[in-house]
Amino acid sequence: MAENKSERGNVLIFGAGGQLGSELMKLFPEATGVYHTGSEGNLTLDITNFVRLEDIILKKRPKVIINTVALTNVDKCETEKGIANKINAESVRHIVRAAAVSRSYLVHVSTDYVFDGADGMYKENSIPNPINFYGLSKLLGDWAAQSYDDSLIVRTSGVFGYKSNYPRFVLSQLKEGKEVKAVESFYSPIHAKLLAEAILELTELRRTGIVNVSGPRISRYDLAVKIAEKISAPTDKIFELDQSQMKWPASRPYDSSLDNTLSRRLIDNKFYDIDLNLDLLAGA
Ligand SMILES: NC(=O)c1ccc[n+]([C@@H]2O[C@H](COP(=O)([O-])OP(=O)(O)OC[C@H]3O[C@@H](n4cnc5c(N)ncnc54)[C@H](OP(=O)(O)O)[C@@H]3O)[C@@H](O)[C@H]2O)c1
């Protein structure tokens, strides 16, 4: 696909220090990254400072805004609903308001946790029904983004990059010969690098509406086994646990997997290759 250099240049990326944001910064080297906290020379913002948030957009007038900011700690969202709502929902309303003034194309990142997990393989037009506050606050953010015509909502699942996350936890436990407890549940994990590449392609297409981008459906147990196979570790220390054994503040969907038929038709399919995703994990 032809590279659209002008679109890569005048880009504002919120959440530039996160798992996905840092991968996007590599793909959009001329973009302005907005960090939560950061070193000297970086543009920093607490996104709940809505006046400054709008001001950054209105001064920069970017062609493209990519918003990866979220309070992703599901249990913290449950116990600190006010701040979760500000970060995951209210901020998007302010991004949309400023984006409309500056006529920017908005890419907003959403989650499989907007679904209740009763069915799995959710499509773009499946009806959300969040069962925890993280999912609800993200859904409110999606609605804000959807209220703007020139917006794309990328729904994804189980993003794993440089931070602590389930696949990285499994990898380190297995490398140390320790037990892995896999809670019985299904999702569609994706490496942050492949998700960023898919977002770049969708941005170049200037796609609007909702598009799912994730890996294939897999149980957390089977994922752990696959990671063990990747590094030639024994699988006998991987155990499956029932969700009822977990004492989490927030409920988790049983099967939040996403149907990627649309994105696999629109862009390069490689994000859907579980081996490639796990090679990136094991090689990182
Ligand atoms: N991680 C997953 O499993 C997953 C699954 C489905 C969907 N998603 C969605 O994918 C997107 C990217 O997730 P990710 O995995 O890259 O998460 P991440 O690494 O936690 O990145 C989120 C970013 O938001 C920043 N942030 C949090 N509070 C902020 C605030 N008040 N002001 C400014 N920035 C703030 C974080 O900065 P600090 O780290 O400094 O707080 C971080 O850089 C999110 O929209 C998330 O909802 C993630």
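A residue is called buried here if 20 or more other C-beta atoms lie within 10 Å of its own, exposed if 12 or fewer, and partly exposed in between, with C-beta atoms placed from the backbone. Keep in mind that this is a predicted model, where local features need pLDDT of at least 70, side-chain atom pairs count only at pLDDT 80 or more, and totals for chains, interfaces and linings use all residues. Numbering starts from 1 along each chain as its sequence is written. Helices (H or I, at least four residues) and strands (E, at least two) are DSSP runs, numbered from the N terminus.

Most residues other than glycine have a negative phi.

| Residue | Phi | Location |
|---|---|---|
| Serine 232 | about 55 degrees | loop between α9 (220-230) and β13 (238-241) |
| Arginine 206 | about 50 degrees | just after α8 |

Arginine 61 is partly exposed because it has 14 other C-beta atoms within 10 Å. Serine 232 has 7 such neighbours inside 10 Å, so it counts as exposed.

Now for α8 itself, the helix that arginine 206 follows. Helix α8 covers residues 192-205, and its 14 residues should span 20 Å at 1.5 Å a residue; the end C-alpha atoms are 20 Å apart, which agrees. (The expected span is 1.5 Å times one less than the number of residues.) Since 10 of the 14 residues of α8 are buried, the helix is largely enclosed by the rest of the structure. Among those buried are Lys193 and Glu197, along with Leu194, Leu195, Ile199 and Leu200.

On to the sheet. It's an open one of 7 strands, paired in parallel, in the order β3-β2-β1-β4-β5-β6-β11. Its edges are β3 (43-44) and β11 (209-212), each pairing on one side only. Two strands pair if DSSP finds at least two bridges between them, and β2 (residues 32-35) is joined to β3 by 2 bridges.

Finally, the ligand. It has 27 residues around it, with Gly18, Gln19, His36, Ile47 and Ala70 the closest; a residue is near if its C-beta atom, placed from the backbone, lies within 6 Å. The elements giving two or more residues to this shell are α2 (19-27) and β5 (105-111), and α2 gives the most, with 3 residues. By class, the shell has 9 nonpolar, 14 polar and 4 charged residues, where Ala, Val, Leu, Ile, Met, Phe, Trp, Tyr, Cys and Pro count as nonpolar, Asp, Glu, Lys and Arg as charged, and the others, Gly among them, as polar.
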